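I opened my notebook to look up a few things in a protein model, one entry at a time. Come along and check each entry against the picture.

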Amino acid sequence: MKLKITDVRCQKGDAAFLLDDGKTSVLYDTGFGFTGYTVAENIKQCLGERPLDYIFLTHSHYDHALGSAYILRRYPNAKVVAGKYAADVFKRDGAKRTMKELDAKFAQKCGITDYEFLGDELKVDIAVDDGDIVCAGNMEFRVISLPGHTRCCVGYYLEKEALLLSNETLGVYDGVKTIVPSCLVSYADTIASIEKVEKLNVAAIVAPHLGLLRKEQTLYFLENMKAATQNAARDLLDSIKSRCSDEEMIEQFKQKYWHGYIKEIYPEDAATLNTSIMIRLIRNELCCS
């Protein structure tokens with residue numbers, strides 16, 4: 001199979017990559033809402049008059065899923081695939097309000113203050129669970145449930161190509177040596193998800209916010225993703241036991257991880273919020289163990 005993978009993002013922090021075998025096209029994540037139409041234009045540049053056939057969403061966060069509503073305005077026949085839990089999230093008014101606030105906040109930082117919010121148009125056509133098979137033309141993807149970053153996180157495994165469409169439960173990789181742990185709902189689930197991926201035959205990875213990894217990047221990520229999460233948890237646990245304040249721990253975490261490419265794609269307020277959530281998780285899950 002001759003599979004072409006193209007970065008169709010238009011903004012740092014976006015997550016949108018196009019897979020195309022010449023017959024069937026799959027968009028892996030869709031990025032922000034305010035960039036959705038531009039991502040659709042980038043897809044058009046790749047596909048010409050051919051349709052976009054599928055949209056695969058890894059989870060329900062606004063920077064991965066919200067763009068789908070805008071892209072569907074341009075490609076209304078594309079089938080949206082996502083986890084069953086994500087499909088439920090898209091129905092919640094509170095979740096959509098949060099998406100709107102976060103998307104607008106980041107859009108403003110990028111100089112965009114006026115655009116239509118299409119959160120009410122979010123949908124899932126094919127709701128999947130662990131082990132389900134999604135046939136996209138000749139491409140057969142196995143759904144891998146990978147909770148930890150969110151409850152709804154899934155990956156998509158193209159076994160014939162040993163290709164994994166990853167998600168942030170495994171960590172956010174800068175392409176060099178930094179893997180930022182991103183467990184926001186469960187540390188234990190995060191480790192279990194990582195161990196699930198370790199058992200797969202993976203030769204190539206498409207990573208969120210980064211794209212198709214080179215061979216040496218893939219090997220590094222697979223060999224270090226578990227240790228990165230465990231080391232971060234141990235550091236936070238040691239700081240908690242040393243009675244460091246949350247503010248001190250957040251600053252220590254940011255000094256270790258929030259630099260270089262990670263700083264470019266990871267807004268500081270999001271880094272601060274997510275680190276505070278991780279601190280709560282480690283305190284609740286590991287302090288009494």
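**Entry 1**

Where is the place of His 209? I found His 209 in the loop between strand E13 (204–207) and strand E14 (211–212). I took helices (H or I, at least four residues) and strands (E, at least two) as DSSP runs, numbered from the N terminus.

A note on my source: this is a predicted model, so I kept local features only at pLDDT of at least 70 and side-chain atom pairs only at pLDDT 80 or more, while totals for chains, interfaces and linings use all residues. Residues are numbered from 1 along each chain as its sequence is written, and side-chain values use heavy atoms, with hydrogens and water left out.

I looked up the phi of His 209 and got a positive value of about 70°, although His 209 is not a glycine. Most residues other than glycine have a negative phi. Asp 29 also has a positive phi, near 60°, and is not a glycine either. I located Asp 29 in the loop between strand E3 (25–28) and helix H1 (36–47).

Are these two buried or exposed? His 209 counts as buried because its relative accessibility is 4%, and Asp 29 counts as buried at 0%. My cut-offs: buried means under 20% relative accessible area, exposed over 50%, and partly exposed in between (1.4 Å probe, protein chains only).

**Entry 1: the cavity**

Rolling a probe the size of a water molecule over the atoms shows where empty space is left. I worked on a 1 Å grid over the protein atoms alone: a cavity is a set of points where a 1.4 Å probe fits but cannot get out, a pocket is an open set with protein on both sides within 12 Å along at least five of seven lines, and lining residues have an atom within 4 Å of a point. Grid points are joined across faces, edges and corners, and a volume is the space filled by probe spheres set on the points.

How many cavities of 30 Å³ or more does the whole structure hold? My search found 1, and the space in the largest cavity is about 50 Å³. Among the residues lining the largest cavity are Val 180, Phe 253, Trp 258, Asn 274 and Met 278. Helix H8 (246–257) and helix H10 (268–286) are the elements that give two or more residues to this lining. H10 supplies the largest share, 4 residues. By class I noted 8 nonpolar, 2 polar and 1 charged residues. (Ala, Val, Leu, Ile, Met, Phe, Trp, Tyr, Cys and Pro count as nonpolar, Asp, Glu, Lys and Arg as charged, and the others, Gly among them, as polar.)

**Entry 2: helix H8**

I followed H8 next. H8 has 12 residues and reaches 16 Å from its first C-alpha to its last, close to the 16 Å expected at 1.5 Å a residue. (The expected span is 1.5 Å times one less than the number of residues.)

Which residues of H8 are buried? They are Met 249, Ile 250, Phe 253, Lys 254 and Tyr 257. Seen down the axis of H8, these buried residues fall within an arc of 135°, so they line one face of the helix. (The arc is that of the directions from the helix axis to the C-beta atoms.) The face of H8 turned away from its buried side carries the exposed residues Glu 247 and Gln 255. The cover over the buried residues includes strand E12 (179–180), helix H7 (215–241), helix H9 (260–265) and H10.

I then looked up the pockets. The largest pocket holds about 880 Å³ of space. Of its 34 lining residues, His 61, Tyr 62, Leu 102, Leu 184 and Asn 274 lie nearest its centre. Helix H5 (93–109) gives the largest share of the lining, 7 residues.

The second largest pocket has a volume of about 150 Å³. Its lining includes Lys 177, Tyr 220, Asn 231 and Tyr 257. H7 gives the most to that lining, with 5 residues.

**Entry 3: Ala 87**

My last stop was Ala 87, in helix H4 (residues 84–89). Ala 87 counts as buried because its relative accessibility is 14%. Leaving aside neighbours within four places in sequence, I found Ala 87 in contact (heavy atoms within 4.5 Å) with Val 124 and Ala 127.
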